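Good morning, colleagues. I would ask you to bring up the model so that we can go through its pockets and its aromatic contacts together.

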Amino acid sequence: MPYKVEALPDSYAQLGEGPHWDEARQSLYFVDLESAGINRYDFKQNKIYKAKIEGEQWATFILPIEGKPQEFAVGCTRRVVVVKWDSCSPVAKVVCTLFEVQPNDKDNRLNDAKCDPEGRFFGGTMFDGEGDIFTQWKGQLYSWQSGGPVNVVRDQVGISNGLTWDAKAKKFYYIDTNNFEVVGYDYDQATGAVCKPKVVFDLRSIRPEGPLFPDGMTIDTEGNLYVATFNGGTVFKVDPKKCEILQEIKIPTTQITSVAFGGPNLDILYVTTADKYDQPKPAGTTYQVTGLCAKGYPGVNLKL
């Protein structure tokens, strides 16, 4: 049976990003990045709840905080803040700041972030000032654990984007969009340390008329990667061990931003998209893809 792509109801976000499946609530959280919007799709109700974070311009990711059901870590400009939200109300409020990065780099902001299997923060920054963001390398990738310092994992990053882990294979996978590739690292789950980077998927040669921009990413239980392409209308299923494309999942809009497995059986691939630079409808819609014969992992909460 072929896979099936369906739009979620009332799911428009001008720059949808950061899908995170919350297993306890059977809900998909995601952001509308440039409007400080945070959203929750309730699977059982088939309904989306939307909120704006009071006094903020950006919401670049949303991560539930372990043991605190009304608190979330959210990227606001260069700060990782704690936001209080009941997951239903139209307004959310910042409670405190966990940490700030690159405080003097006013043209930079946070972008994608996730938690590793142990609940540590991993996320990075990008340049978002005047000029071509795809030719700047002013960002960084960070890791952080509650009570500790912010560690720079990688410097001279273009657009810090997709992150995912394969705990069984002891691997961490990472995307810097401006390098057109997915890089795999050896990963120590006990310490969170990563080392020995190796390119496992190079997007430069896929489309002859110009390179595809890799964006968000997730992994299935077999260790295959799912890579969103911001200008390609496609999610690529990739075997990172063989550097081989296994499947092309076509989405009915061009700017595919990120992906996450979810649903009661963790076999639905949720896909966020963007409506940037005058895209035609249905740009900005969030989709569910069923019939992929694959399962993933739920999102990991941030441990404080």
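How many nonpolar, polar and charged residues are there in the lining of the largest pocket? By class, that lining holds 16 nonpolar, 6 polar and 5 charged residues. Please keep in mind that this is a predicted model.

The largest pocket has a volume of about 420 Å³. Its lining comprises 27 residues, and those nearest the centre are Thr164, Tyr297, Pro298, Gly299 and Val300.

An unreviewed UniProt entry assigns residues 15–274 to the feature "domain: SMP-30/Gluconolactonase/LRE-like region".

I turn now to the aromatic rings. The count comes to 18 aromatic pairs. One of them joins phenylalanine 99 and phenylalanine 121 in an edge-to-face arrangement, with 5.4 Å between centres and 80° between the planes. Phenylalanine 99 belongs to strand S9 (residues 91–100) and phenylalanine 121 to strand S11 (residues 121–127), so this contact ties together parts that are 22 residues apart in sequence. Both phenylalanine 99 and phenylalanine 121 are buried.

A further pair, phenylalanine 172 with tyrosine 185, is tilted, at 5.7 Å centre to centre and 35° between the planes. Here strand S15 (residues 171–176) supplies phenylalanine 172 and strand S16 (residues 181–187) supplies tyrosine 185, the two residues being 13 apart. Why do we call phenylalanine 172 buried? Phenylalanine 172 counts as buried because its relative accessibility is 0%, under the 20% cut-off. Tyrosine 185, at 7%, also counts as buried. Ring pairs link phenylalanine 172 and tyrosine 185 into a cluster with Phe122, Trp165 and Tyr174.

Finally, two lysines lie over aromatic rings. The charged end of lysine 138 sits over phenylalanine 127, 4.5 Å from the ring centre. Lysine 276 lies over the face of tyrosine 277, at 5.5 Å from the centre of that ring.

Technical notes
Residues numbered from 1 in each chain as written. Predicted model: local features only at pLDDT ≥ 70, side-chain atom pairs only at ≥ 80, totals over all residues. Heavy atoms only, no water. UniProt positions renumbered as here; feature names shortened; annotations may be inferred. 1 Å grid on protein atoms, 1.4 Å probe; cavity = no way out; pocket = protein on both sides within 12 Å on 5 of 7 lines; lining within 4 Å. Points joined across faces, edges and corners; volume = space filled by probe spheres on them. Nonpolar A, V, L, I, M, F, W, Y, C, P; charged D, E, K, R; others polar. Phe/Tyr/Trp six-rings, centres within 6.5 Å; stacked < 30°, edge-to-face > 60°. Helix = DSSP H or I, 4+ residues; strand = E, 2+ residues; numbered from the N terminus. Buried < 20%, exposed > 50% of the residue type's maximum accessible area, 1.4 Å probe, protein only. Lys NZ or Arg CZ within 6 Å of the ring centre and 35° of its normal.
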